[in-house]
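Open your viewer and keep the selection tool ready. We will go stop by stop.

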Amino acid sequence: MSPPEALWVLLLLLVTVSSCKGLYPGSEEGWQVYSTASDPDGRCVCTVVAPARNLCKRDPRSRQLRSLTEQVQNVSQSMEVVDLRTSRDLQYVRDSEPLLRGVDGRLHTYVANPRTLTARSLQELKGQMSQLRPLLSVVEQYRLDLQTLATLRMELLNLSIVLTAIQEEIGAYDYEELQQRVLLLETRLHSCMNKLGCGRLTAVSNPITVRASGSRFGSWMTDAMIPSSDSRVWSMDGYYKGRRVLEYRTMGDFTKGQNFVQHLLPHPWAGTGHVVYNGSLYYNKHQSNILVQYHFRSRSVLLQRSLSGAGYNNTFPYSWGGSSDIDLMADETGLWAVYTSIPNAGNIMVSRLDPHSLEVLHSWDTGFPKRSAGEAFMICGTLYVTNSHLAGAKVHFAYHTNTSTYEYTDIPFHNQYSHISMMDYNPRERALYTWNNGHQVLYNVTLFHVIRSDG
């Protein structure tokens, strides 16, 4: 079996066996989303992993080909430099030819008849020789260029030998065809993943630091709507009276801090519990319990509505404070608000919101004191609460809205920078977005799934 055929068999095996990885486009090596599937009796059926889109890029021959391509580019650039310099110097020699011929004629005349050499003619000859002196450096450059060409000739010979060896090893296999087959397989696997129902959180991965920017507190996010082709990233620095939202074109641009536009909100925000859902930013208006919907494309406020009874202005924040009284979030099932009020004694309330009107559709009293929570996030209609915003935090409590029941959990995660002021789940990426002491960090999640049957 040839190496490319072996690679393709490996990709096919990834579909049928128990391990699958989805590549995140903003990372060079990618990050994984694990989705475990089981039948209603609890037996493992499969685990789906989308193969890395750049899997072929990690093939040794591909790395070798990229290295060769870079060498060819370097040789090409060197040839261009030599060609440009040679053309320039050749023109200089041509321009100097009449002067050189004149000096040569004078010298022949003076050698044949020394008496014709006067002080004046000698001075003129010196002047002409001075004008010809730069030819020495031109000739020296030609000598160096000859050495460069000899080196390039040797590099090209080595490249030809290596390319011939690779061609003999690979044969007539078309890497573009392989890439197309990988993309087709990835599409099939994503379709399979879409059949997975909502799952229960069982593990949180190690942190992946995307960027270090901004102050100690803030929030960042991508659109949480499913499905959505929107690849923009938004960043909101600070928690008090902020109005400046930075919109990056892609995750790669956000990582590099480039290609962004600024939105200046008409109303300042409070806290860090903002969410982008279906092209709009939903946030808590400063010093109020009013929820605001700001539409990015039209740069206008579409809606404002008070969240009745909700505390604000550090009345019922998370343990870290920061006016985090109202936390808006989204999951696979829709838009949510997490907050509390005096009538329910400071316990966390969860309300399902209509994204078009911001009306409360249904509410649940979880019984968990909000001031004892570090942060919270929703996954598949279940509220998960951490026990601290500091080092040593873990996911400590879960409230299931579909059954109105709760349980205490013990799901650890590494709080790398020791102060989390924002933690939200993104159902599109199946990952947790966090703002940790001026660092923007991602966590993958492992969800226990039950497969939806198509009959």
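The tour starts with the whole chain, then moves to single selections.

**Whole chain**

Note before you start that this is a predicted model. Show the cartoon. The chain has six helices and 23 strands. Switch to a surface. The chain exposes about 23200 Å², and carbon and sulfur atoms supply 54% of that area. Of the 455 residues, 45% count as buried. Now think about contacts. Taking contacts between residues at least 6 apart in sequence, 56% join residues at least 24 apart.

**Stop 1: a network of salt bridges**

The structure holds five salt bridges. Side chains of opposite charge can pair when their charged atoms come close. Select Asp230, Arg232 and Glu247, which are linked in a network of salt bridges. Between Arg232 and Asp230, the N to O distance is 2.6 Å. Between Glu247 and Arg232, the N to O distance is 3.2 Å. The second pair links distant parts of the chain. Glu247 sits in strand E7 (residues 240–248), while Arg232 is in the loop between strand E5 (218–222) and strand E6 (233–237). The two residues are 15 residues apart.

Are Glu247 and Arg232 buried or exposed? Both are buried. Arg232 has a relative accessible area of 9%. Buried means under 20%, so Asp230 also counts as buried, at 13% relative accessibility.

**Stop 2: another salt bridge**

Select Arg249 and Asp253. Their closest N and O atoms are 2.9 Å apart, and the two residues form a salt bridge. Colour both by accessibility. Arg249 is exposed, with a relative accessible area of 51%. Asp253 counts as buried, at 4%.

**Stop 3: an open sheet**

Select the strands of the sheet with the order E9-E10-E11-E12. It is an open sheet of four strands, with antiparallel pairing. Which strands are at the edges? They are strand E9 (275–277) and strand E12 (300–306), each of which pairs on one side only. On average, neighbouring strands of this sheet are turned by 25° against each other, direction ignored.

**Stop 4: two residues with positive phi**

Select Cys380. Its phi is positive, about 55°, although Cys380 is not a glycine. Cys380 lies in the loop between strand E17 (376–379) and strand E18 (382–386). Is Cys380 buried or exposed? At 14% relative accessibility, Cys380 counts as buried.

Go on to Arg430. Here too the residue is not a glycine, yet phi is positive, at about 50°. Arg430 is found in the loop between strand E21 (420–426) and strand E22 (431–436). Arg430 is buried, with a relative accessible area of 14%.

**Stop 5: a nonpolar patch**

Bring the surface back. Select Met154, Leu157 and Ile161. Together they make a nonpolar surface patch of about 300 Å². Where is Met154? Met154 lies in helix H4 (residues 134–170). With a relative accessible area of 47%, Met154 is partly exposed. The tour ends at this patch.

Conventions:
Residues are numbered from 1 along each chain as its sequence is written. This is a predicted model: local features need pLDDT of at least 70, side-chain atom pairs count only at pLDDT 80 or more; totals for chains, interfaces and linings use all residues. Side-chain values use heavy atoms; hydrogens and water are left out. Buried means under 20% relative accessible area, exposed over 50%, partly exposed in between (1.4 Å probe, protein chains only). Two strands pair if DSSP finds at least two bridges between them. Axes are lines fitted to C-alpha atoms, for helices over the stretch in contact, and angles run from 0 to 180 degrees between N-to-C directions. Patches are made of residues with over 30% relative accessible area and no salt bridge: like charges are joined within 9 Å, nonpolar side chains (Val, Leu, Ile, Met, Phe, Trp, Tyr) within 5 Å. Accessible areas come from the Shrake-Rupley method with a 1.4 Å probe; for residues, only the protein chains shown count as cover. A salt bridge is a side-chain nitrogen of Lys or Arg within 4 Å of a carboxyl oxygen of Asp or Glu. Contact means heavy atoms within 4.5 Å.
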